[in-house]
Amino acid sequence: MHRFANPARFLKIARPLTGWLFWPGLSLILAGCFCGLFVTPADYLQGETVRILYIHVPAAWLGMAGWSGIAVAALMQLVWRHPLASIAGRALAAPGALFTAICLATGSIWGRPTWGTWWEWDGRMTSMLVLLFLYLGYIALANASARQGQGGVSAVTAIFGLVGAINIPIINRSVVWWNSLHQGPSITLRGSSIDGSLLWPLGLTFLGFSLLFGAIVLMRMRTLLARNKIEARMQRLARG
């Protein structure tokens, strides 16, 4: 990983990679949503409302994956002092929070006709809401670090990212550990409980949103690096 510690070397790879991730990702999202809306049949129990899974499931995955990435970046920052680790943490926070919010919103919309309520304080929904609050806290700490003249995030922010990762396995196992309105694990290593006629567009949107997420993170890293470069130049000019 230290081969990419040099910002110039990283940017040389990140610039073309951003487009390679963005456009295929967007195409897969559009194809998956089209097939999910107009090609797949309605569910025999949930009817047309089941189609929201093509957005809800990838959003839930990326909300958790985003914080997992923050935790890895925090570990690299604190242990190996990787120069780009804190930049990566900041870049992951906003899209991770966005997809977590999308997960909560689509889950609430899905729950209203299915469960008869917009919200229920069960383990899965509550732990996802906690994740959103963790994202907001991380973003606030990261912005405070930036105002103090740091290019990435402070050590305190990185520690917060590591500690917050405790919530990820809680989200994952919440439907197993506690009684929940939320259905149990639908896709595991043993297979899927979702019928194949409904499942296949999910693969398209899952991959598409993941590629788009990667492109957004790279764009944000490039923006943060450019901003740091400008700020460093302004400081040199101010010193004369």
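A crossing of two helices is called left-handed if the near helix is turned anticlockwise from the far one by less than a right angle. The views below come from a predicted model.

**Figure 1. Helix 2 and helix 3 cross in a left-handed manner.** Two packed helices are described by the angle between their axes and the distance between the axes. Helix 2 covers residues 53-80 and helix 3 covers residues 85-115. Their axes come within 7 Å and cross at roughly 155°. Angles over 145 degrees count as roughly antiparallel, and helix 2 and helix 3 are therefore roughly antiparallel to each other. In the contact of helix 2 with helix 3, 16 residues are nonpolar and 11 are polar, while no charged residue takes part.

**Figure 2. His82 sits in the loop between helix 2 and helix 3.** Is His82 buried or exposed? The relative accessible area of His82 is 7%. Buried means under 20% relative accessible area, so His82 is buried. A polar atom of the His82 side chain lies 3.1 Å from the backbone nitrogen of Leu84.

**Figure 3. Helix 2 also packs with helix 5.** Helix 5 is formed by residues 155-164. The axes of helix 2 and helix 5 are 8 Å apart, and the angle is about 135°. That makes helix 2 oblique to helix 5. The crossing of helix 2 with helix 5 is left-handed.

**Figure 4. Two of the spans carry the UniProt annotation "transmembrane region".** The annotation comes from an unreviewed UniProt entry, and its spans include residues 123-141 and residues 153-178. Residues 123-141 are 100% helix and 0% strand, with 27 Å between the end C-alpha atoms. Residues 153-178 are 81% helix and 0% strand, and here the end C-alpha atoms lie 36 Å apart. The other spans in the UniProt entry are residues 20-39, 59-80, 92-111 and 198-219.

**Figure 5. The protein chain is built from seven helices and two strands.** The protein chain has 240 residues, of which 42% count as buried.

Note on methods. Residues are numbered from 1 along each chain as its sequence is written. This is a predicted model: local features need pLDDT of at least 70, side-chain atom pairs count only at pLDDT 80 or more; totals for chains, interfaces and linings use all residues. Side-chain values use heavy atoms; hydrogens and water are left out. Axes are lines fitted to C-alpha atoms, for helices over the stretch in contact, and angles run from 0 to 180 degrees between N-to-C directions. Helices (H or I, at least four residues) and strands (E, at least two) are DSSP runs, numbered from the N terminus. Angles under 35 degrees count as roughly parallel, over 145 as roughly antiparallel, 65 to 115 as roughly perpendicular and the rest as oblique. Ala, Val, Leu, Ile, Met, Phe, Trp, Tyr, Cys and Pro count as nonpolar, Asp, Glu, Lys and Arg as charged, and the others, Gly among them, as polar. UniProt positions are given in the numbering used here, feature names are shortened, and annotations may be inferred rather than shown by experiment. Buried means under 20% relative accessible area, exposed over 50%, partly exposed in between (1.4 Å probe, protein chains only). A polar contact is a pair of N or O atoms within 3.5 Å; within protein, one must be able to donate a hydrogen and the other to accept it, and residues adjacent in sequence count only if both atoms are side-chain atoms.
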